[in-house]
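Biologist: Please take me through this model one question at a time, and give the cut-offs behind each term as you go.

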Amino acid sequence: RIVWKIYAKNKELVVRVPEILDPYSSHIYFYASFFDSVSNDLYRELNQVLLDKFKTLVWNIFEQLYRQNEGIQFIADQETRAVFTDDALRRTQFQISTANWQKTNNLTEYFEEKYGSVLCISSMTDPRNLSEIMENCGPHLLVVFVKLSRSFSHTGPVDWLKWLFVQPGRRNGDALRLNYHLSPLRHKLMDNERKIAGILNQSECTHLDLEGDIDT
């Protein structure tokens, strides 16, 4: 329902005129998949850094959309501790901040093609699941692809981002960076990113690529 190409260019939410009479036409259902098909517990410390960066980008995207349309709803892919607050934005921030990589609720089980407006995925996403989803999704869907393979580069954060969920001090940044660049995980992520990018480029959906390249 949302013309995502206009949003990508001008950061304005525009609904097609024939659908304005529909009271639900401006509702946005926001999905963010934390399913991990790539890594394992051997890379626990690296996984946490990747998780922090993915959560931060997911939150910043959601918050921007919420400031323009309070009808947006976040659909979590995992259970979180209940938060008793009337502030929808604060409630969603808590859900995102406490999310973890998980291996039980994959993309095909989690994402509702009938309702989904925005889908955030990461380099951890299973390309096979994504391919199934893309077969039934058209240009109404915006897919935000967060590439995590550059998460340990020296590049600083983009100005508009607020890195709320990054937890520095867990270990020396240089040591983590070296460990990452020497680990098989980096190559796995890059290989998975190429597969995901190929699927998105062949789909009808609108997609935006974001790099998780903030300094550790």
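Modeller: A residue counts as buried when its relative accessible area is under 20%, as exposed when it is over 50%, and as partly exposed in between, using a 1.4 Å probe and protein chains only. The model is predicted, so local features need pLDDT of at least 70 and side-chain atom pairs count only at pLDDT 80 or more, whereas totals for chains, interfaces and linings use all residues. Residues are numbered from 1 along each chain as its sequence is written, and side-chain values use heavy atoms, with hydrogens and water left out.

Biologist: What percentage of the residues in the protein is buried?
Modeller: The protein has 216 residues. By the cut-off of under 20% relative accessible area, the buried residues make up 49%.

Biologist: What is the order of the strands in the open sheet?
Modeller: Two strands pair if DSSP finds at least two bridges between them. The edge strands, each pairing on one side only, are β2 (72-75) and β5 (206-211), and the twist averages 20° from one strand to the next. The pairing is parallel, and the five strands of this open sheet have the order β2-β1-β3-β4-β5.

Biologist: How many of the residues of β4 are buried?
Modeller: In a regular strand the side chains alternate between the two faces of the sheet. In β4, Leu-142, Val-144 and Val-146 point one way and Val-143, Phe-145 and Lys-147 the other way, and all are buried. The strand is mostly covered, and the count of buried residues is six of six.

Biologist: What is the bridge partner of Phe-30 in β2?
Modeller: Strand β1 (residues 28-32) is mostly covered, with four of its five residues buried. Four bridges join β1 to β2, and the two run parallel. The bridge partner of Phe-30 in β2 is Phe-74.

Biologist: How do the residues of the contact of α5 with α7 divide by class?
Modeller: Helix α5 (residues 127-135) and helix α7 (residues 184-202) pack at an angle of about 5°, with their axes 10 Å apart, and are therefore roughly parallel to each other. Contact means heavy atoms within 4.5 Å, and it is made by Pro-127, Leu-130, Ser-131 and Met-134 of α5 and Asn-192, Lys-195, Ile-196, Ile-199 and Leu-200 of α7. Ala, Val, Leu, Ile, Met, Phe, Trp, Tyr, Cys and Pro count as nonpolar, Asp, Glu, Lys and Arg as charged, and the others, Gly among them, as polar. The residues divide into six nonpolar, two polar and one charged.

Biologist: Which residues is Ile-133 in contact with, leaving aside its neighbours within four places in sequence?
Modeller: Ile-133 is in helix α5, and at 1% relative accessibility it counts as buried. Ile-133 and Glu-113 are 20 residues apart in sequence and 7.3 Å apart in space, C-alpha to C-alpha. Beyond those neighbours, Ile-133 is in contact with Leu-107, Thr-108, Phe-111 and Glu-113.

Biologist: What separates the C-alpha atoms of Phe-152 and Leu-176?
Modeller: Phe-152 has its place in the loop between β4 and α6 (173-182), and counts as buried at 1% relative accessibility. Phe-152 and Leu-176 are 24 residues apart along the chain, and their C-alpha atoms are separated by 7.9 Å.

How values were computed: Axes are lines fitted to C-alpha atoms, for helices over the stretch in contact, and angles run from 0 to 180 degrees between N-to-C directions. Angles under 35 degrees count as roughly parallel, over 145 as roughly antiparallel, 65 to 115 as roughly perpendicular and the rest as oblique.
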